[in-house]
Each structure stands twice: as C-alpha cells, then as structure tokens.
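Dear colleague,

Please find the structure below. A short account of the findings follows it.

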Amino acid sequence: MNHYSDQEQRIAQIYDRYYLDVYRFIMCFTGHKSEAEDLTQETFIQVLKSLPTYNSSYPLKSWVLSIAKHVTIDQHRRRKFYHLFKDSYFQQLISSERSPSQWMEIKTERQMVEKALLKVKPTYRAVFILRAINELSIKETAEVLGYSESKVKVTYLRAIKKLQTLLHMEWEEWKHESTN
C-alpha cells in the first residue's frame, strides 16, 4: 500500500531525475558546495510550490532549470556574490591518478579558467554553463534563460570568444611570471 500522494510521488520523480542537473548548474554559479546544496533544495521547494501551475507543454527539465536560475539569481542579488567560482567545483574534476607535475598543471589551468569566468558578463557565464557544462541544447538553454535561440547562439559564441581571449591573456601572464 502506497502512503504517498500523487503529487509527492511526482515531486520525488522530478527530484530524482533533475537533481544532478540543478546541482551542477548552481554549483557552477556559486562555487560553494554547501551553498549549491542549499540552493538546490530551495529550487525543489519552489518546484513543489509551483507544480500546480506547471504548463506541461513546456519541457519539464527546462522549467526546473529555469526555477534554479531564478533561485540562484535571487540569492546572487541578495548576497552580491563576491566569488562565483571557487576551487570546489573544479577540484571535483581532477582525477587522483596524476603525477605531481600534472596536478600543478591542472591546478594552474583551473585557476586560469576560474579567473577568466569571473571576468565574463553574467549573461555569457549563464549561457556557457548551461551549454558547455550542463550540456543543454540551444533550445533548452533558450527556454531556461527566456532567450531566443538565436540570442543563445550569439551569446554562446561571444562567451567562448571572450573566454578564449581571457585565457590566452592569463596563459601569457603565467608564462611571463614563471620565467622571471
């Protein structure tokens, strides 16, 4: 005998299916594991509250990530994030099967990426995170951000170009510092 309501089962399914997508998205914005966990929980609280008004013609994943975006931006506005990317997210990407020199190289690259990401506009950052890190389609990214698909394409290309420029500058600066 099932003791859960249909709505409780529905939110549990949504949570199970989209938790990692929401968590990764928020983690990329905050760079703080505990904050990302809190905001992910807040997102699903908002999903639960908004579920009765969900329009099923809108893709569920995009709707949930859109709520995550709003929860994160609201938190951003309240706190005026001073660091959007910290070691924690990129630390998770590092494998433990590396030599010390590989660790240093990865750490340097990670720091360069973090520094570059901090310098791009929030709109570039949001599109880049959704497309490159969360691997959403152009259509899904447009739905999450409320942009046209053409705006997503243009913004993504501009974000990549800006990041490439910034990373090139970071690399040149690092090479200059390491030779002196």
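I14 touches Y19, F44, V47, L51, L60 and V64, leaving aside residues up to four places away in sequence; contact means heavy atoms within 4.5 Å. This is a predicted model, in which local features need pLDDT of at least 70 and side-chain atom pairs count only at pLDDT 80 or more, while totals for chains, interfaces and linings use all residues. Residues are numbered from 1 along each chain as its sequence is written, and side-chain values use heavy atoms, without hydrogens and water.

I14 is also among the residues with the most contacts inside the largest nonpolar core, which has 42 residues. Such a core is a set of buried (under 20% relative accessible area, 1.4 Å probe, protein chains only) Ala, Val, Leu, Ile, Met, Phe, Trp, Tyr and Cys residues joined through side-chain atoms within 4.5 Å.

The structure holds 5 aromatic pairs, that is, rings of Phe, Tyr and Trp (its six-membered ring) with centres within 6.5 Å; planes under 30 degrees apart count as stacked, over 60 as edge-to-face and the rest as tilted. The rings of Y15 and F44 have centres 4.8 Å apart and planes at 65°, so this pair is edge-to-face. F44 counts as buried at 5% relative accessibility. The rings of Y19 and Y23, with centres 5.9 Å apart and planes at 10°, are stacked. Y23 is buried, with a relative accessible area of 11%. Together, Y15, Y19, Y23 and F44 form one aromatic cluster.

Yours sincerely

Terms used
Buried < 20%, exposed > 50% of the residue type's maximum accessible area, 1.4 Å probe, protein only.
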